[in-house]
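Subject: Structure for you to look at

Hello,

Here is the structure you asked for, with my notes below it. Please read them with the model open.

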Number of protein chains: 2
Amino acid sequence: MSTPSNLAALGERGAIDLIRRRLPAAPPWIVVGIGDDAAVAEPARNTLDVFTTDALVEGVHFDRRFTPPSAIGHRAMAANLSDLAAMGATPRLALLSLALPETLPVSDLESLVDGLVALATHHGVHLVGGNITRSPGPLVVDITAVGSVRRRHALTRPGARPGDDVWVSGTIGAAAAGLAMLAAGDAGVAAEDADVCAGAYLAPVPRVRLGGLLGRNRAASSCMDLSDGLADGLSQLAAASDVAFEIDPDAIPVSPPAAVWFRHAGADPLPSAMAGGDDYELLFTVSRRRRSRFEAVRKLTRDVPLAKIGRVVAGSGAWLVRGEARTPVAGGYEHFR
Amino acid sequence: MSTPSNLAALGERGAIDLIRRRLPAAPPWIVVGIGDDAAVAEPARNTLDVFTTDALVEGVHFDRRFTPPSAIGHRAMAANLSDLAAMGATPRLALLSLALPETLPVSDLESLVDGLVALATHHGVHLVGGNITRSPGPLVVDITAVGSVRRRHALTRPGARPGDDVWVSGTIGAAAAGLAMLAAGDAGVAAEDADVCAGAYLAPVPRVRLGGLLGRNRAASSCMDLSDGLADGLSQLAAASDVAFEIDPDAIPVSPPAAVWFRHAGADPLPSAMAGGDDYELLFTVSRRRRSRFEAVRKLTRDVPLAKIGRVVAGSGAWLVRGEARTPVAGGYEHFR
C-alpha cells in the first residue's frame, strides 16, 4: 500500500490515528482519551476549572505561504496557553478541532500536530480529544485549553486600583515586525534582527510560568494577555477595572530588532509596536501593598524581562503621558474591521 | 447610530456583546464568565470531567440555502450534547468558537446564537466563553462542551461482551431523508412525513436524559452516539469491544416517514437509513445480568422508543443476519472520502 500523500487519501480515521501516534503517553489522570465519544479526566484537586478557546484561520491569522505548518500548530497552542497564563492557571489538557483542506499534504498535518504537541508537552498539557473535518475553504485550527487555578489565585481583568503600577512582560512589536517582514518576503535588516522578529511571530512563548507565579503569589491586581496588541490591551484592562492608565511612552519595551525593522519600513517604532498583535505578553497591575510579593516573583522569573510602563489613576481610558502632553492610546485590532 | 446590518459593521466586540445579551443569567458556579481571557468555573463535586468538541462547517455539514441559522446553532449544540450523552455525562457548560463570513447578516448571527442557546439552556448548559473571528470562506461553528460523570457511571465504547443485546434509541434515517429532501427542494411526499424528516435534520434531539440514566443505572456495557450513521456505529462499537454484532435487519427501527421518502426517491429504505448520518441516537449494548436495571431505565424513558436490534457474539465486524444469510454491514461516512 502506498503512503497517502494528502488528506483525501488518508481519510478521517487515518488522520486521527496519525495524531494519536504523535502524542506522548497519557498521564494517569486521563481516564478516557482520544477514540471515544468524549474524553474523561480526573479534575485537579481543590481548584477551579479554567476554560479558553482560540482559533487560527488561514487568511486571517496566518498565511501558509510563509508560515510553516509546525509554526501554525505552535501558534494555535500558544494563543490558548497565553489565555490560561493570563488567569494565573496551570494548563492541563487541550482539545483540537481541525478543519482541513482536502489538498493539505499529510506531511503538513504531521508538522502542524508536532508543533502543537511539542509546545503542549513542554507545558505538561495533554491532548485528550478533538474533531477533524474537511474544509472547503481555509485551514482552521481551533483549540480549547483547560487549566486549573485555586480560587484565591485566579487573575482577572477587573481589579486595578488608582495607585497601582502597570507592568508588561517581555518586549513588544517583534511579532508584528516578523509578520510584516515575512509577508514582504524581504527582511532588509541584519540577519540577527530578522531572526528575532520572525521567531517572535512563528514561535511565540506563552508566559505560563509568570502567570502562574503572579497568581500563586497574589502579586497582580489585574492581568490580561496581549494577543491583540499593547494599545488594545491597555484600553481593555483600564475599562475592565473602570480606571485610567497613564503610560510613559519611553518606558514601553519596544523590541530593539523590531524598532530597527519598523524604521527600515518607514514606520514609527512605538505606535507600530503598540498596534501590532501576537505578542502574547502579560499586561498586569501591581498594587503598592503587593510590591514585595511582586519582587519575590521577579526574582523567580529573571529570564523574563518585566517593565513598569505606567500607573493607574482615577478616570477612564489609556493615555500616553509625556510631560504635560496626554494623548489617548489608539485602539487595537478587531477581526471584523 | 444606525443598526449594523452585517458583521463588518458590527465588529468583533459588538458580536461578543450580541451573544452575551442573548444568554440567560449565569449560574452561581460560574466564577468568571464571558469577557475575560478565560472562563473560570467550580467543578461538579465527586465527578470526573467529560470533554468533547464538534464543529459544523458550511459546505460540509450544512448548506445555508436551506438550513436556517437557528437550525445551524441548534445542530452544532446537539452534536456536542449527544457526545456527552453517549458517555452518560451530565452536560454543564460550553464554549463557542465562531468563524464568520463578513457578509453574514447580523440577524443570522442572532438566530444562530438563539438556536444554540435555546437547546443549551433546555439542558442546563451555560455558555461560559468562546472566540469570534472572521472567516474568508465558510461559516464554521465549533463548540466544546463539558460535562460531569461519576467514575463508575461513565459509558464507554469498549465493554460489549458475547451474549449482550444490541439496542438503539429512537428511529433512524429521518435526518438523512430530511437533508436529501431539503437539498432537492421538493418533498414529494405527504406534508406530515416531510415535516418529520425535515425536523429530524434541522432540530435533532440529543439523548441527554437517556444517556445519563443508562450511566447512573450502569445499565449499558458499551455506548456511543450515531452521528455518522448506524452502519458506521455498529462497525465502530463492535471493533472497540473486539466482538462481533449480529443484527436482525427487520428489527432496525427505520423511521416510517423516512422509508416513504427513500422509496419515493427510488432508494431502498434500510441501507439508506443505515448509511445516513445526523441521527444522534444512542447505540448501546446490555448484558444479561443488567437487564433488570435496563428495564428500570426503560420505564423512566417511555417517551424514547428503544429497539433491540441484535446481539453480541465472539468474532469481529457487524453483520446483518437473516436466516442463514450473513452479510457485512457497509461502512459509514468519512469526512475525507
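A salt bridge here is a side-chain nitrogen of Lys or Arg within 4 Å of a carboxyl oxygen of Asp or Glu. This is a predicted model, in which local features need pLDDT of at least 70 and side-chain atom pairs count only at pLDDT 80 or more, while totals for chains, interfaces and linings use all residues. Residues are numbered from 1 along each chain as its sequence is written, chains are lettered from A and ligands numbered from 1 in the order in which they are written, and side-chain values use heavy atoms, with hydrogens and water left out.

Salt bridges

Side chains of opposite charge can pair when their charged atoms come close. Over all chains, the search of the whole structure finds 34 salt bridges. One of them joins A:Glu295 to A:Arg298, at 3.8 Å from N to O. Both residues lie in helix α11 of chain A (residues 291-300), 3 residues apart, about one turn of the helix. Helices (H or I, at least four residues) and strands (E, at least two) are DSSP runs, numbered from the N terminus. For accessibility, buried means under 20% relative accessible area, exposed over 50% and partly exposed in between, with a 1.4 Å probe and protein chains only. A:Glu295 is partly exposed because its relative accessible area is 35%, and A:Arg298 counts as partly exposed at 28%.

Helix α2 of chain A (residues 12-21) holds A:Asp17 and A:Arg20, 3 residues apart, about one turn of the helix. They form a salt bridge, with the closest N and O atoms 3.5 Å apart. A:Asp17 is partly exposed at 35% relative accessibility, and A:Arg20 is partly exposed at 39%.

In chain B, a salt bridge links B:Lys308 and B:Asp165, whose closest N and O atoms are 3.8 Å apart. B:Lys308 is in strand β11 (residues 306-313) of chain B and B:Asp165 in strand β7 (residues 165-169) of chain B, so the pair ties together parts that are 143 residues apart in sequence. B:Lys308 is partly exposed at 44% relative accessibility, whereas B:Asp165 is buried at 9%.

There is also a network of salt bridges that links A:Arg22, A:Glu110 and A:Asp114.

The interface between the chains

Contact means heavy atoms within 4.5 Å. By that rule, 69 residues of chain B are in contact with 69 residues of chain A. Buried area is the accessible area (1.4 Å probe) that two parts lose on being put together, summed over both. Between chain B and chain A this area is about 5600 Å², and carbon and sulfur atoms give 56% of it.

How many salt bridges are counted between chain B and chain A? The count is 8. B:Glu42 and A:Arg151 form a salt bridge through their side chains, at 2.5 Å from N to O. β3(B) supplies the largest share of the side of chain B that touches chain A, with 9 residues.

A sheet with strands from both chains

Two strands pair if DSSP finds at least two bridges between them. An open sheet of 6 strands runs in the order β1(A)-β2(A)-β3(B)-β6(B)-β4(B)-β5(B), and its pairing is mixed. Its edge strands, each pairing on one side only, are β1 (30-32) of chain A and β5 (126-135) of chain B.

Within this sheet, β3 (residues 48-57) and β6 (residues 140-149), both of chain B, pair in the antiparallel sense over 10 bridges. B:Asp49 stands opposite B:Ser148 in β6(B).

Strand β10 of chain B

Is strand β10 (residues 282-286) of chain B mostly covered or mostly exposed? Mostly covered: 5 of its 5 residues are buried. B:Leu282, B:Phe284 and B:Val286 are buried on one side, and B:Leu283 and B:Thr285 on the other, which covers both faces of β10(B). In a regular strand the side chains alternate between the two faces of the sheet.

β10(B) pairs with β7(B) in the antiparallel sense over 4 bridges, and B:Phe284 is the bridge partner of B:Trp167. Strand β8 (residues 222-225) of chain B also runs antiparallel to β10(B), joined to it by 4 bridges. There, B:Ser222 has B:Thr285 as its bridge partner.

Regards
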